Amino acid sequence: MSIYALVGNLCVEKTLRVAFASDKAGILTQIFEDFVTDLKDRKFDHLDMATKQLAIFINVSMEECAQKKLAQLKIFEHLE
């Protein structure tokens, strides 16, 4: 989805990155849920989707609140 590319690009700007990282609108949680689903379902484009989702996780993890949220979501259990 191009929405992942858009969010990833918006994370360059600190104010927007902090907004996504704090998960105020639930966007980070939704991207995580999509990530887990994409890895589980393994549809034809799952690698492309997972790569874009991981890029978002990397970008927002510059912020401590995102690190805490991703740890709370147990992201490391889904990475191999």
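Which helix does glutamine 53 lie in? Glutamine 53 sits in helix 4, residues 46–60 (helices, H or I and at least four residues, and strands, E and at least two, are DSSP runs numbered from the N terminus). Before going on, keep in mind that this is a predicted model, where local features need pLDDT of at least 70, side-chain atom pairs count only at pLDDT 80 or more, and totals for chains, interfaces and linings use all residues. Residues are numbered from 1 along each chain as its sequence is written, and side-chain values use heavy atoms, with hydrogens and water left out.

Back to glutamine 53, then. With a relative accessible area of 0%, glutamine 53 is buried (buried means under 20% relative accessible area, exposed over 50%, and partly exposed in between, using a 1.4 Å probe and protein chains only). Setting aside neighbours within four places in sequence, glutamine 53 is in contact with Tyr4, Ile31, Asp34, Phe35 and Asp38 (contact means heavy atoms within 4.5 Å).

Now zoom out to helix 4 itself. Its 15 residues reach 21 Å from the first C-alpha to the last, close to the 21 Å expected at 1.5 Å a residue (the expected span is 1.5 Å times one less than the number of residues). The buried residues of helix 4 are His46, Met49, Ala50, Gln53, Ile56, Phe57 and Val60. Looking down the axis of helix 4, these buried residues fall within an arc of 120 degrees, so they line one face of the helix (the arc is that of the directions from the helix axis to the C-beta atoms).

What do the buried residues of helix 4 pack against? They pack against helix 1 (2–10), helix 2 (14–21), helix 3 (27–41) and helix 5 (64–72). Take helix 3: helix 3 and helix 4 pack at an angle of about 150 degrees, with their axes 9 Å apart (axes are lines fitted to C-alpha atoms, for helices over the stretch in contact, and angles run from 0 to 180 degrees between N-to-C directions). On the helix 3 side, the residues that meet helix 4 include Ile31, Asp34, Phe35 and Asp38, and their partners in helix 4 include Gln53 and Phe57.

Helix 1 has a buried side too, made up of Tyr4, Val7 and Gly8. Viewed down the axis of helix 1, its buried residues fall within an arc of 100 degrees, so they line one face of the helix. Ser2 and Asn9, on the other side of helix 1, are exposed. The buried residues of helix 1 pack against helix 2, helix 3 and helix 4.

Cysteine 11 is buried, at a relative accessible area of 2%. The C-alpha atoms of cysteine 11 and valine 60 are separated by 6.7 Å, although the two are 49 residues apart along the chain.

Finally, a look at the backbone. Aspartate 23, in the loop between helix 2 and helix 3, has a phi near 60 degrees, a positive value in a residue other than glycine. Aspartate 23 is buried, with a relative accessible area of 13%.
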